[in-house]
Amino acid sequence: MAFLTRTRIVQVATGTPAAPVAIADNTFRTGAAGVVVATMAEAMGQVPAGQRPPQADWWQYKLEYLVDYVVIPTLRGVKPSTPASNTIVFDAAFWETAADLAANPNNPPRRNTFSHHFTVKSVGGTVTAIRASIDDYLVRAHFGNYPPDDRDLRIATTTDPTFDPLGLLTRFAALNNQPIAVVAKWREA
Amino acid sequence: MATLTLTLAASSDDALVSDLAYDATGTTMQVGGTNSTSAANTGQGFRFTNVTIAAADTINSVILKLMKSATVFSTQNNRWVFANEDNSATFSSGSPPGSRAIVATIVPDSNNLNETDGTVYNFPRAGADQITLGTSLAAVKNRAGWASGNAVSLINNSKQDASFVGTSARKAWHTWDSATASSEPQLVIDYTAGATWSRPLPQYVPVLI
């Protein structure tokens, strides 16, 4: 389940901690393929000693990870409650590549359940928020060593629009059962 | 882990007391260390309702997501901890975040970063700290009076924290009252579903007559 495939160090500042100066992201060092480390100390440890910045300057840098995956979100419904919960529930199945999905569509190497609450104000960004939630999860799953199938099958749901005053079911339709490919994208932890 | 994302649902569910007065209605909130240790019940808080986590579930990590107001490169000192309450009530001037009893697991989370206006950031930043914040929430979930669907409050720089530091290191973040769409604070909980509850079979004891 190597959805995260590479680590890089990006310099984002110069100056001192008391007087920092922001700079445009500058890739300082890209690690080897297949090497994913959790901390700046580990990443800096792979930089040759003569090129490694002093530890006092490491605050100027951040880590990013190369992610590659294909995800298919599948709608389960909204939580049925009165007043309305305004919470949509969906499962997401992850494959590393489109080729993996084509070869093994019934056995995703990672699965999870997402319950996402929205409000009248945030509902306009439903699709964006759901996609961000999926992206974030994959990074946490990697470093938290989450189990490959961690769906919560207990959650009661309904597709009755009576329980969906925000129209979440309609908004989700653009994502439902559609493969979304995120290929070679650098993400912060 | 299954993922539960909760969005702040009311104006009074985010509030603070700093060197200024109690404020629950500002469109932005100064989050971080304040420069007044003398103010009673100093601290910021975020209350989330309908936390559908059962006592038997395992909480693996917790993240607070906030949207930045104004681009700033400076330090922010946080000490995140959950209120030690079965079903946390919304905040008021008589019951501000910093006055609430807190659990033992506190997550220090300091940074010196350039953060961009309108961008959503995770707190705490480090993955290991997000796991520890999960432990803090688990202490609430493990209370005898906890029930799935109750409300929780995440407190920052609580005056109830014995190692509370009053150094001014804070930044402005959007609140529930912000006019910006999708800017309400969110709580993201990764959890593993516990065993399904089942009724034990009745036990029949043979009786000799």
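Colleague: What should I know before I start?

Modeller: This is a predicted model, where local features need pLDDT of at least 70, side-chain atom pairs count only at pLDDT 80 or more, and totals for chains, interfaces and linings use all residues. Residues are numbered from 1 along each chain as its sequence is written, chains are lettered from A and ligands numbered from 1 in the order in which they are written, and side-chain values use heavy atoms, with hydrogens and water left out.

Colleague: How many residues of chain A are in contact with chain B?

Modeller: Contact means heavy atoms within 4.5 Å. Here 30 residues of chain A are in contact with 39 residues of chain B.

Colleague: What is the area buried between chain A and chain B?

Modeller: Buried area is the accessible area (1.4 Å probe) that two parts lose on being put together, summed over both. For these chains the value is about 2400 Å², and carbon and sulfur atoms give 45% of that. On the chain A side, A:K121, A:R140 and A:R154 supply 27% of the area buried against chain B, more than any other three residues.

Colleague: How many salt bridges are found across the interface?

Modeller: A salt bridge is a side-chain nitrogen of Lys or Arg within 4 Å of a carboxyl oxygen of Asp or Glu. The rule finds 3 across this interface. One is formed by A:D136 with B:K65, their closest N and O atoms being 2.5 Å apart.

Colleague: Which element gives the largest share of the side of chain A that touches chain B?

Modeller: Strands (E, at least two residues) and helices (H or I, at least four) are DSSP runs, numbered from the N terminus. β5(A) gives the largest share, 6 residues.

Colleague: Which strand of chain B is joined to β5(A)?

Modeller: Two strands pair if DSSP finds at least two bridges between them. Here 3 bridges join β5(A) to β1 (residues 2-7) of chain B, and the two run parallel. A:S115 stands opposite B:L4 in β1(B).

Colleague: Now chain B. Is B:Q44 buried or exposed?

Modeller: Buried means under 20% relative accessible area, exposed over 50%, partly exposed in between (1.4 Å probe, protein chains only). B:Q44 is buried, at 0%. B:Q44 lies in strand β4 (residues 43-51) of chain B. Its side chain reaches the backbone oxygen of B:G32 at 3.0 Å.

Colleague: How many helices and strands are in chain B?

Modeller: Chain B has 1 helix and 11 strands. Buried residues make up 53% of its 209 residues.

Technical notes:
A polar contact is a pair of N or O atoms within 3.5 Å; within protein, one must be able to donate a hydrogen and the other to accept it, and residues adjacent in sequence count only if both atoms are side-chain atoms.
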